[in-house]
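Please look over the fold below, its pockets and its backbone exceptions. The report follows the display.

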Amino acid sequence: MRTTLTALQSKSGQGEKLAVLTCYDASFAALLENAGVDILLVGDSLGMVLQGQESTLPVTLADMVYHTRCVAAGAKRAFIMADLPFGSFQESPRQALRNAAQLLAAGAQMVKLEGGAVMAETVSFLSQRGIPVCAHLGLMPQSVNQLGGYRVQGKTEQQASVLLDDALALQQAGAGMVLLEAIPARLAKAVTECLSVPTIGIGAGPDCNAQVLVLHDMLGIYPGKTARFVKNFLAEADGIQAAVADYVQAVKNGAFPAPEHCF
């Protein structure tokens, strides 16, 4: 039986850390599930780690539907979340609904979309129609051109205040989770304490309710630049299965992320 959002929120509420990894195919879906990963994120990061693109922007909805279907075929219990790619939700809530419905039909149980309070109407529109939404704040890869590159966000007092307000607005709109990427650990802690829904951190310190890494990063096989918040779990493990199990254990017991992985 597949894990539900309610079950994940309950586990998080009881203090259990949730382990999340990106996943793009059936074989890895089965392996990650067997190693204890709670959430499989079918990320638009596939544009970079699978397709060799310079960013996530070229990823299409068809790409996301295909890989979501592959992951759903390989995993029978893990919760599946899928990204709405660039250009598939920003136009209107109705556009977002049409495209999110395709991801749910392919096997996703939740969609993730980037954007602050400006996306609150869309989040509300989707959640009221039975589509669970994870909001994505901080470093938003789909906005890399506007942000001026892959930079830590929320560093000033004003930026931190806006991000916190965005998180609260998106929760109020119905977001069931909030992903925080590349922000100072102290800000992620403050956001997590203010929200009643789980936060997922990537480069956001140890106080988030869940942690996520890109699969290819935590296995040390992505040829691009390694971010500060990444740890290569394969380097000290006897194979991929063991590396993933070590990651899950490190997230659950709070050993990851360590201070050297934080901003």
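Ala-182 is buried, with a relative accessible area of 3%. Buried means under 20% relative accessible area, exposed over 50%, and partly exposed in between, with a 1.4 Å probe and protein chains only. Ala-182 sits in the loop between E6 and helix H9 (185–194). Its phi is positive, about 50 degrees, although Ala-182 is not a glycine. Most residues other than glycine have a negative phi, and most peptide bonds are trans. The peptide bond from Phe-256 to Pro-257 is cis, with omega near 0 degrees. Pro-257 lies in the segment after helix H11 (240–252).

This is a predicted model: local features need pLDDT of at least 70, side-chain atom pairs count only at pLDDT 80 or more, and totals for chains, interfaces and linings use all residues. Residues are numbered from 1 along each chain as its sequence is written, and side-chain values use heavy atoms, with hydrogens and water left out.

**Overall fold**

The protein chain has 11 helices and eight strands. Helices (H or I, at least four residues) and strands (E, at least two) are DSSP runs, numbered from the N terminus. The C-alpha atoms fill a box of roughly 45 × 40 × 40 Å along the principal axes. For 263 residues, a compact globule would have a radius of gyration near 18 Å; the protein chain has 17 Å, which agrees. That radius is taken over C-alpha atoms, and the globule rule is 2.2 Å times the number of residues to the power 0.38.

Of the 263 residues, 55% count as buried. Among contacts with a separation of 6 or more, 64% join residues 24 or more positions apart. Contact means heavy atoms within 4.5 Å. The accessible surface comes to about 11100 Å², and 51% of it belongs to carbon and sulfur atoms.

**Pockets**

A pocket is an open set of points on a 1 Å grid over the protein atoms alone, where a 1.4 Å probe fits, with protein on both sides within 12 Å along at least five of seven lines; lining residues have an atom within 4 Å of a point.

| Pocket | Volume | Lining classes |
|---|---|---|
| Largest | about 760 Å³ | 18 nonpolar, six polar, nine charged residues |

Ala, Val, Leu, Ile, Met, Phe, Trp, Tyr, Cys and Pro count as nonpolar, Asp, Glu, Lys and Arg as charged, and the others, Gly among them, as polar.

The largest pocket is lined by 33 residues; Tyr-150, Glu-181, Asp-217, Ala-227 and Phe-229 are the closest to its centre. Helix H3 (46–49) and strands E4 (110–114), E6 (177–181) and E8 (210–213) each supply at least two lining residues.

The second largest pocket has 14 lining residues, with Gly-138, Met-140, Gln-153, Val-162 and Asp-166 nearest its centre. Strand E5 (133–138), helix H7 (144–147) and helix H8 (157–173) each give two or more. H8 gives the most, with five residues.

Met-140 is in the loop between E5 and H7. Met-140 counts as buried, at 15% relative accessibility. Its C-alpha atom is separated by 20 Å from that of Ser-124, 16 residues apart along the chain.

Ser-124 is one of the buried residues of H6. In helix H6 (residues 120–127), six of eight residues are buried. These buried residues pack against helix H5 (93–105), E4, E5 and H8.

Methods. Grid points are joined across faces, edges and corners, and a volume is the space filled by probe spheres set on the points. Accessible areas come from the Shrake-Rupley method with a 1.4 Å probe; for residues, only the protein chains shown count as cover.
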